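Please examine the sequence and the three-dimensional structure shown below. The report that follows describes selected features of the fold and of its surface.

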Amino acid sequence: MSEGSPGRVDPDVDLRVPGDRAELRAHPAAVLGAIAAGGVLGALARAGLQAALPHRPGGFPWATFAVNVTGCLLIGALMAVVAAGRTRPLTRPFLGVGVLGGFTTFSTYVVDARLALATGAPGTALAYLAATLVTALVAVWLGDAAAGRLLARAGAGNPSVRPDTAR
């Protein structure tokens with residue numbers, strides 16, 4: 001891989017960089033393995049939380065709400081760390097695509113809203129749809145901003161951190 005290329009966002013694969021195109025062709029099993037392993041962990045964590053916090057049909061699905069908002073907060077933080085160049089290869093596929101992709105569940109978000117409508121709770125469905133959308137977007141922003149500030153603070157005291165990578 002070509003470390004330190006200008007404008008680089010993804011430390012794993014940037015298809016604009018010839019060396020990365022070759023890396024993807026050379027090691028697709030490593031990327032897919034990292035995603036699969038992370039996905040298993042994320043899905044198990046989500047299933048455990050949803051089993052611990054079941055909701056009645058038509059009730060507000062707090063477990064799914066918490067999973068999606070927490071996942072968005074963490075993906076925002078992870079992307080700040082990735083953009084700052086502070087990750088090792090396969091971190092983003094493992095954590096971002098795998099763990100957080102398996103943990104978050106926007107398909108269940110839609111199913112939960114439809115179930116609330118079907119059971120005669122349109123107010124709950126609408127509140128859930130709106131609250132999840134707004135809160136998830138705010139969570140991504142907060143995760144990115146908080147991680148960026150922490151990275152900038154850590155970079156200010158560490159001369160080995162390049163100023164162009166501190167956020």
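The model is predicted. The protein contains 6 helices and 0 strands, and the order of its elements from the N terminus on is α-α-α-α-α-α. Of its 167 residues, 36% count as buried. Among contacts between residues at least 6 apart in sequence, 69% join residues at least 24 apart. The accessible surface of the protein comes to about 9,300 Å², and 70% of that surface belongs to carbon and sulfur atoms.

**Helices 3 and 4**

How do the axes of helix 3 and helix 4 cross? Helix 3 covers residues 62-83 and helix 4 covers residues 91-103; their axes come within 9 Å and cross at roughly 170 degrees. Because angles over 145 degrees count as roughly antiparallel, helix 3 is roughly antiparallel to helix 4. On the side of helix 3, the residues that meet helix 4 are V67, T70, G71, L74, I75, L78, M79 and V82. Their partners in helix 4 are T91, R92, L95, G96, L100 and F103.

**Single residues**

| Residue | Relative accessible area | Class |
|---|---|---|
| G39 | 19% | buried |
| V40 | 48% | partly exposed |
| L137 | 56% | exposed |

G39 belongs to helix 2, which spans residues 28-52. G39 counts as buried because its relative accessible area of 19% falls under the cut-off of 20%. Leaving aside residues up to four places away in sequence, G39 touches G98, V99 and G102. The C-alpha atoms of G39 and L100 are separated by 7.4 Å, although the two residues are 61 residues apart along the chain.

V40 is also found in helix 2. With 48% relative accessibility, V40 is classed as partly exposed. V40 and F103 are 63 residues apart in sequence, while their C-alpha atoms are 8.8 Å apart in space.

**A nonpolar surface patch**

Which residues make the nonpolar surface patch? The patch, of about 680 Å², is made by L73, L133, V134, L137, V138, W141 and L142. Helix 6, residues 122-156, gives the most to this patch, with 6 residues. L137 is a member of the patch and lies in helix 6. L137 counts as exposed because its relative accessible area of 56% is over the cut-off of 50%.

Methods: Residues are numbered from 1 along each chain as its sequence is written. This is a predicted model: local features need pLDDT of at least 70, side-chain atom pairs count only at pLDDT 80 or more; totals for chains, interfaces and linings use all residues. Side-chain values use heavy atoms; hydrogens and water are left out. Helices (H or I, at least four residues) and strands (E, at least two) are DSSP runs, numbered from the N terminus. Buried means under 20% relative accessible area, exposed over 50%, partly exposed in between (1.4 Å probe, protein chains only). Contact means heavy atoms within 4.5 Å. Patches are made of residues with over 30% relative accessible area and no salt bridge: like charges are joined within 9 Å, nonpolar side chains (Val, Leu, Ile, Met, Phe, Trp, Tyr) within 5 Å. Accessible areas come from the Shrake-Rupley method with a 1.4 Å probe; for residues, only the protein chains shown count as cover. A salt bridge is a side-chain nitrogen of Lys or Arg within 4 Å of a carboxyl oxygen of Asp or Glu. Axes are lines fitted to C-alpha atoms, for helices over the stretch in contact, and angles run from 0 to 180 degrees between N-to-C directions. Angles under 35 degrees count as roughly parallel, over 145 as roughly antiparallel, 65 to 115 as roughly perpendicular and the rest as oblique.
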